[in-house]
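Here's a quick briefing on one model, sorted by topic. Have a look at the sequence and the structure first, then read on.

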Amino acid sequence: MDKFRYYLPTTIYFGKNEFERIKKAASATGKNALIVIGQGSVKKLGYLKKLEDFLSKEGIKFDVFEGIEPNPRSKTINKAGEQARNIKADMIIALGGGSVMDASKGIAIVAKTGHDIWDYCSTGDRKTKKITEALPIICIPTLAATGSEVDGAAVISNHETKQKAVIHNSIIIPKYAIIDPMLTITVPRDYLVDGAVDIICHCFETYLSSTKMVSVPDQITLGITRSVKNAIENILQDPEDIEQREILSWASSIAMMGIFSGRSGGWPIHEIEHAISGIYDISHGLGLAVLMPAVLEFNTPHNEQKIKRLIGYLMHENTNHYTNIKDAITDFKTWLKDIGAIRDLKKYGMDKINKEAVADMAIDIYGHGNGYIYGVVPMYKNDIIEILEKAIG
């Protein structure tokens, strides 16, 4: 195993009807909260009112910032950070999906420092500000997907430059995570599927970042991917199946806790997708689903055995199921289509993507001046364009 440092200061309350635990978490954190939400769904569903009632019973003051976009924008985060400063908030409470939680991490920094959040976003070899302080964050996820409730990373978009970049620091690891699968019941089908794909892709990225067999994290990865596959299939058949939603929600968190540590390598699927959604503002999960089979095909000469093992366990709970790598990737792609993860690309404008611009953006943001992004091997501009050709046509 490669060396690693593991740190998870998040207190997690997990399970059905654990939403009420926010009273204890918020009371232990501060007295004046900025609640951050997306574009209104949690308000329509009554989740925001329920949260407000919980806080009021504890005598906690609060204000609400509404309007976080699906790919949260730096300008919106700066605006919310200013609001948090104006009300003298001493904590940020995120109620929503990954975008809301990621934005809340940025808001927590801006509220404390007053600086533009984009100054902290890593883009290539550009010098960035060091994150030294942030307000404490409490996350209440309403979608199983990013695992942002338990990690110190956030993905932020700059709408003006069409860039999508990452901030990462242990200071923005949430203090509390209230994970109540009951809050995910109302998630639209496409979001539900996209979230499951994101979880699986987190597993794929770490597992395939190394050619080594690393027993403990590898076995956990295999189990998580298989559990997510079974859970999403069951939920699509029965949206009220809370047990399966519990599995999906916990898998989402586990996939980003750092439990897969011990393998070093890049996250090329995410890096290329960030370039696509940074420019074209599409769903993150859809972008990942489209890219995954093509990236697996690219990596076949470099990591064939691990790809076959991973897809074999995912699809058949048998790491030795496939002898032919093409069959494995084809079956996986077919499954993604069957669950609705790969959808009509024309509807989202993905058929018109400028592949060269996407490749340049990915290398500019994540290449650190090297002229390539890194997976298990370097991926140069022509490699990324080839991947996009296979993924999108």
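This is a predicted model: local features need pLDDT of at least 70, side-chain atom pairs count only at pLDDT 80 or more; totals for chains, interfaces and linings use all residues.

A residue counts as buried under 20% relative accessible area, as exposed over 50%, and as partly exposed in between, using a 1.4 Å probe and protein chains only. Residues are numbered from 1 along each chain as its sequence is written, and side-chain values use heavy atoms, with hydrogens and water left out. Helices (H or I, at least four residues) and strands (E, at least two) are DSSP runs, numbered from the N terminus.

**The loop between strands 5 and 6**

- Asp151 is found in the loop that links strand 5 and strand 6.
- Its side chain makes a polar contact of 2.6 Å with the side chain of Lys105; a polar contact is a pair of N or O atoms within 3.5 Å, and within protein one must be able to donate a hydrogen and the other to accept it, with residues adjacent in sequence counting only if both atoms are side-chain atoms.
- A polar atom of the Asp151 side chain also lies 3.2 Å from the backbone nitrogen of Ala153.
- Gly152 is in the loop between strand 5 (137-141) and strand 6 (153-158), and it counts as buried because its relative accessibility is 6%.
- From Gly152 to Ser253 there are 101 residues in sequence, while the C-alpha atoms are 12 Å apart in space.

**Helix 10, a bent one**

- Helix 10 (residues 284-316) spans only 26 Å between its end C-alpha atoms, whereas a straight helix of 33 residues would span 48 Å at 1.5 Å a residue; the expected span is 1.5 Å times one less than the number of residues.
- There's a kink of about 120° in helix 10, centred on Asn303; the bend at a residue is the angle between axes fitted to the seven residues ending there and the seven starting there.
- Helix 10 is mostly covered, with 25 of its 33 residues buried.
- Just after helix 10 comes Glu317, which takes a positive phi of about 55°.

**Helix packing**

- Two packed helices are described by the angle between their axes and the distance between the axes.
- Axes here are lines fitted to C-alpha atoms, for helices over the stretch in contact, and angles run from 0 to 180 degrees between N-to-C directions.
- Helix 10 packs with helix 13 (residues 381-392) at an angle of about 125°, their axes 8 Å apart.
- That makes helix 10 oblique to helix 13: angles under 35 degrees count as roughly parallel, over 145 as roughly antiparallel, 65 to 115 as roughly perpendicular and the rest as oblique.
- Helix 6 (residues 189-207) and helix 8 (residues 242-254) pack at about 45° with axes 10 Å apart, so these two are oblique to each other as well.

**Positive phi in loops**

- Lys88 isn't a glycine, yet its phi is positive, at about 55°.
- Lys88 is found in the loop between helix 4 (74-86) and strand 4 (91-96), and it is exposed, with a relative accessible area of 68%.
- His368, also a residue other than glycine, has a positive phi near 50°; its place is the loop between helix 12 (355-366) and strand 9 (373-374).
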